[in-house]
Amino acid sequence: MKIFNKLHLVGFITGLALITLLVVPAMGQGPIVNSVSVGGHDSVAPGWPRDASLALNAKQFEDGTVRGQLADKLAPQFQFVYHAEITCLSVSGNQAWASGVITQASNPFWIGAFEIILVSDNGTSKNDPPDQISFPFFGFEPAFNNCHAQYGDELMPHWDMPDGQVIVR
């Protein structure tokens, strides 16, 4: 009987240790201090076809940890779909810069490349101007993973996103 109880205790402790190892690293430390959420088509840039869809969701915690995902399906003629893990988030007013690493792509060449995007939350009412979004820029240089540089329109032009929603907090 004592062996049975000891086995249960060892199993219980092992289970708690596994839960701690798996769950705690997946959470940031402290409250969420910044977040961005985007859904809809990419921007309507002059002369460019509309992308099929873009989804971005990222949170920055008090300890600086960033957790997020970006999924983008470009216009059909480009035949390119990718997914990025967001590891950097910078917010200033109604704008957010999010960057990270491409983890999946229809063209394997881009897996491991960095990605950065700029979005602007211009309100939620039909009376507000449309939210805005840049094209996601990607490359292998570290500058593409530096969201804190807060590149402006001269490097990351962004256009209206009339049928999508950007929320920056």
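Strands are DSSP runs of E of at least two residues, and helices are runs of H or I of at least four residues, numbered from the N terminus. The structure is a predicted model, in which local features need pLDDT of at least 70, side-chain atom pairs count only at pLDDT 80 or more, and totals for chains, interfaces and linings use all residues. Residues are numbered from 1 along each chain as its sequence is written, and side-chain values use heavy atoms, with hydrogens and water left out.

The loop between β8 and β9 contains Q150. Phi of Q150 is near 50°, a positive value in a residue other than glycine. Q150 is partly exposed, at a relative accessible area of 30% (buried means under 20%, exposed over 50%, partly exposed in between; 1.4 Å probe, protein chains only).

The structure holds 1 disulfide, defined as a pair of cysteine sulfur atoms within 2.5 Å. C88 is joined to C147 with an S to S distance of 2.0 Å. Because C88 lies in strand β4 (residues 81-92) and C147 in the loop between β8 (137-139) and β9 (158-160), the pair ties together parts that are 59 residues apart in sequence. The torsion about the S-S bond of C88 and C147 is about -75°, and the disulfide is therefore left-handed.
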